[in-house]
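Hi everyone, thanks for coming.

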Amino acid sequence: MIHFVLLVSRQGKVRLTKWYSPYTQKERSKVIRELSGVILNRGPKLCNFVEWRGYKVVYKRYASLYFCMCIDAEDNELEVLEIIHHYVEILDRYFGSVCELDLIFHFHKAYYILDELLIAGELQESSKKTVARIISAQDQMVEAAKEEAGSISYIIAQTT
Amino acid sequence: MDNLFQRSLEDLIKGFRLQLLGDSSFISRALEEIRREIKATDLSTKSTALHKLSYLAAIHGVDMSWAAFHALEVVSSSRFHHKRIGYQAITQSFHDQTSVLLLITNQLRKDLNSVNEYEVSLALECLSRIGTRDLARDLSPEVFTLLGSSKSFVRKKATGVVLRVFDKYPDAVKVCFKRLVENLETSDPQILSAVVGVFCELASKDPTSCLPLAPEFFKILVDSRNNWVLIKLLKIFSKLASVEPRLGRKVAEPICEHMKRTVAKSLVFECVRTVVSSLSDHEAAVKLAVAKIREFLVEDDPNLKYLGLHALSIAAPKHLWAVLENKEAVVKALSDEDPNVKLEALHLLMAMVTEDNVSEISRILMNYALKSDPLFCNEIIISVLSVCSRNAYEIIVDFDWYVSLLGEMARIPHCQRGEEIEHQLIDIGMRVRDARPQLVRVSWALLIDPALLGNMFLHPILSAASWVSGEYVEFAKNPYELVEALVQPRTDLLPPYIRAIYIHSVFKVLVFCLRSYFSAQESSSGSSSTVYESILNLVNVIEIGVWPLSGAYDVEVQERAKNVLGFIGMAKQDIAKKVNLQDNEAEACRVTAFMEDAFSEELGPISANAREKVCVPDGLELEENLGDLEEICGKFLKPVESDSVSCTDKITFSVSNLRIRDQQEASSSTSLPPKESSSLLAEHRKRHGMYYLTSEKNDPDSNGTPNDYPPANDLASEILLDPLDPKRKAKHRKSRPVVVKLDEGGESRITTSQAKTKQESVTDDESLSRDIQSALLVNKKGKEREKCEGNSNLVVQEEETSRIEKPQNSEKKKKKKKNGERTSGKHRSRRRSEVASSSEQVEIPDLLL
C-alpha cells in the first residue's frame, strides 16, 4: 500500500501531503525533511526509486515539483509511477495546463482529487473521465450550497 | 455578519507569499485570528477558519488537534461545502488518541446512510483514514449495506474501506466477506480492481485463507485485460503459490502468455517477479523471465536497469546461471552513475563469487573502490570482507594473497572498515598457521608507514598489526626495525588502548630477542661483539622509546611501560656482565626463559561448545556454596614470596606474580566468589533454573588454560584437502592451509538483514484468518467437499497456532542459553554480543520511527 504522498517544490517547500499510515505531527515533519533532502539531491539521470528506511519511495519530477509516494518493499514501482502520472494528468485536465501556482492556491482541490484517486493507500479509480466527472459534480454541489448561503433570504433568516 | 470581513483562504495564502515579517510570526498571527474566528457560532465563519487551519497544518506543519471539536461542528452542517471542509480537516488531524472520536460515530452513520452519494463518499473516505476499532465495529453494518449499493461509485469506495475495517475489527469479516466475494464476479472493472486490491492485501497477511478463492482469481487472470487488475492478481498468486505448489503449475501458463503479449513494462516486471520468486521450479517460465530481464538490462532507462538487476538478485539464489549469463551487463552497471544501480550490481557480483574467481573479482572491485566515492567504496570493502570470511573463510584457497589484500584495503584512502579488517587479521592469525609469516610481513609494512597513523579509521588495523607482530615475532625478518616502528614518536597519535597493545608487542619482541641472545650465548662459547652491540642497541632503543610513556596519563599505558622498563633494567645488567654466562642461575636468563614460555603458549579460537565437551569429574561438587574454600586454600592465596622468582624485591614484576597466581587458582577447584554472592547466585538459580547451563566450568585437571585446539579426530575432519587426490597434484596448486574451524555451520559475523519474524502480528492474523475461514465455510454451504477442506483448514490453523507458539518459546530459551555460554575466547565473546545486538536490532518491527 501507499503510505504517504508528498509534493515538494524544487526549493524544498511542501505543496501537498497526504498520509495513509499513522504518523504523529513530529514524525511527519521529520519524514518530510529527510525525504526532501534525499530526493532533491538526486541527479536528473538517476532512476526514480529510492530505498529509505526499509520502504521504497518512488518520485517523479514534473517541472519544478517532485511528486513522491512511499510504498512497501513488495509493491510494483512501475505501477506507482503510472499512478503518479495518472494523478498529474487528472490535475492537468481539471485545472487546464496546471502549474505550481494552481496547486498553491487551490490546494484543497488537489486534495479532493487525490481522495477520489486513492483510498486507504490503494488506487481506486483508474479512469480519468470518471474522476473528472465526480469532481465536477461535487463542485456543482458546492457552488449551489454557496449560492444558497449567499442569498439575501438566507442572510435575513440568519439575523432574525 | 463577521463573515464578510473574514479573511478567506486565498487571502491567507496570498498574504503568506507576500509577507515580509518572517514565516513563523505570520503563522502565529494567522493562528490567533483563526482561534478567534473558529469559536463563532456562524458555520460559514467556522468553516473558513477551519479551512485556513487545515492549510496551515498540511503545508506548514502546525498542530491542529485542538480544533477537533470545531471540526465536528462543521461536519454536522447540512451544507455540502462545509461538510467537505470539515471532513478534510478530520481526515488530516484525527488520530487514535483524539478525545472526540466517540462523537463522530453518529455523524458518520448519518452520512453513510445519506441519499447523496457524495456525502456517502466523504464519510467513507474519512472512515478509511481514521477508522478505529470502535468505529469499525459500529459502522460495519452500514459498510455492509453500501457494499451492495446500486451506485458503483459507492460500492467501489466501500470496498476500499473494507480493508481498513477488517484490519481494525476482524469480526466484521463474517458480515462483509460474502458481499466482497460476490463483487469478484462483477463486470465493472473499477470495482473489480478495488476488490482485487483488497484481496491482495489480505493475501499478503495470510495466504492460506484466500486459497479457496483461487479458481475465481484464475478466471480473472485469464480473462482480464486491465493491467492494474492483472498486477494485483499476480501479487496474490505469488503469495498463494508459495503456500500451494500445485497452483504454480496451473498458473505458469497464463503468466507466460501475458509476458509475451503485453506491452506494458510494469506488467512484464510483475510477471517476472512472480515467476522468479514463487514459481522458480518451472523451467520454461524461468527461462522466459530471464530473457525479459535481459531486455531490461540493456535498456538505457535507469529505472529499467535497476529493476532488471533487482529481479536478477531475487533470482540469484536458485538460478545462478541467469546471473552468470548477464555477467558483462552487471560489471558495466558497476560504473553507472546511479548509486542504487551500483549497489545492486555489487550484490549480484558478490553472489557470483566462487573459489576460482575470487581473486579476479576482488581485483576488479578494488580498482572500482579506488575510483569511487567513500560510500560506495566502503560498501565494496564490506561486501568483499563478508563474502570472503563466510563460513570460516571457506572460499579462500590462497591465504597469502588474501592477507596481502587485507593490507591493500587498509591503504585505500576512503576505507572506514577498520574493525572488520582488524578482526579478520587476528582471526586468520589464530586459525591458519601457514599464513602467519605473510601476516607478519603485511603487518610490518603497515606499521612502518607513518602516514597511516594519522588516519583514525585505520587505528584498529594498526592495533591488530602490532598484536600480530608481537605474537608471531618468530616469523619476523628484522625485529629491530619492527621495534623501531612500534616506538616511533608518531605513535602519539594513537589512542591509549592501542598504545598499550604496541608496548606489549614491544615487550614480546624484546623477550624473543633476549632469549635468542641468551641461548646463543649458552650454545656458543664466546660472544661476538656485533651481536652484543645489536642487542644493546635494541634495548637502548626500547628504553628511550618507552621511557616517556612511564609517566603517561593512561594507567594501562603507564603500567605496561613500567613493566617493560623494569624488565630492561634487570636484563641490562646481565647483558652488561658478558662473562660467566655459563652460569644458568643468571636471573635475567631465567626470567627471560620464563617469559618466553609464557608467550609461547598459543592463543587459539575456542569453540562455543568447549565447556560442554569437558565432563565434570567425579567427586567434584559444582553446586555447593563455596564458602569454606578459604580454609582449604588459604595458604595458596597469600602473596607470593618464595618460588622460582627471587627478584620480587628488585622488580615490580606484576606479570610473573599474576602468572603464578593464575596457575594456583586453576589448580584449586574453581575461582571463588565471596560468600554472599554465591548465596544470591543460588537464589537466582532457583528462580531461573531453566536458563542455567547443565554442566559448567572447565576441567581442572587439564593444564590451566582451556582447550586451545580440539582433539585430533575433530581436527582431522576439518582438513579440507585430500593429499592423495590426483587432480590436485596434477595442477601443482599450493595446497590449502588448514583452517581451524570449531563450530559446525559457524554464524557469519556480518549479519545481513535477517527475515523479520512476524511474531507480533501472528495473533491478529490468526483471528482474521479464522474469521475468513468460517466466512468461506458459510459461503459454500452446499458443497461438502469445500466444507471438509474448510474444516481441515481450521484444524490446520489450530495446529499452526500451537506450533507457532512452541517454536517461539524454544527460540527464547535458545537465546538465553547462548548468552550464558559466553566463553573465554576473547574475540568470540566480543563478537557474539555484537551479533546478538545486531540481530536484535533487525527484529524490531519496522515502524517508521
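I'll start with the nonpolar cores, then go to a surface patch, and finish with salt bridges.

Some housekeeping: this is a predicted model, so local features need pLDDT of at least 70 and side-chain atom pairs count only at pLDDT 80 or more, while totals for chains, interfaces and linings use all residues. Residues are numbered from 1 along each chain as its sequence is written, chains are lettered from A and ligands numbered from 1 in the order in which they are written, and side-chain values use heavy atoms, with hydrogens and water left out.

Okay, cores. By that I mean a set of buried Ala, Val, Leu, Ile, Met, Phe, Trp, Tyr and Cys residues joined through side-chain atoms within 4.5 Å. Buried is under 20% relative accessible area, exposed is over 50%, and partly exposed is in between, using a 1.4 Å probe and protein chains only. The largest core has 266 residues, and B:Phe177 and B:Phe199 have the most contacts inside it. Helix α30 of chain B, residues 496–523, gives this core its largest share, 13 residues. Helices here are DSSP runs (H or I, at least four residues), numbered from the N terminus.

So what does B:Phe199 touch, leaving aside neighbours within four places in sequence? Its contacts (heavy atoms within 4.5 Å) include B:Phe177, B:Leu180, B:Cys210 and B:Ile236. There's also a second, separate core of 19 residues, and A:Phe4 and A:Tyr59 are among them.

Now the outside. B:Phe69, B:Leu102 and B:Leu103 make a nonpolar surface patch with about 330 Å² of accessible area together. For a patch like this, nonpolar side chains (Val, Leu, Ile, Met, Phe, Trp, Tyr) are joined within 5 Å, and each residue needs over 30% relative accessible area and no salt bridge. The areas come from the Shrake-Rupley method with a 1.4 Å probe. B:Leu103 is in the loop between α5 and α6 of chain B, and is partly exposed at 49%.

Last, salt bridges: a side-chain nitrogen of Lys or Arg within 4 Å of a carboxyl oxygen of Asp or Glu. In one of them, B:Arg109 meets B:Glu142 at 3.5 Å, N to O. B:Arg109 is in helix α6 and B:Glu142 in helix α8, so the pair ties together parts 33 residues apart in sequence. B:Glu142 is buried, at 11%, whereas B:Arg109 is partly exposed, at 28%.

Note on methods:
Helix = DSSP H or I, 4+ residues; strand = E, 2+ residues; numbered from the N terminus. Patch = residues over 30% accessible without salt bridge, like charges linked within 9 Å, V, L, I, M, F, W, Y side chains within 5 Å.
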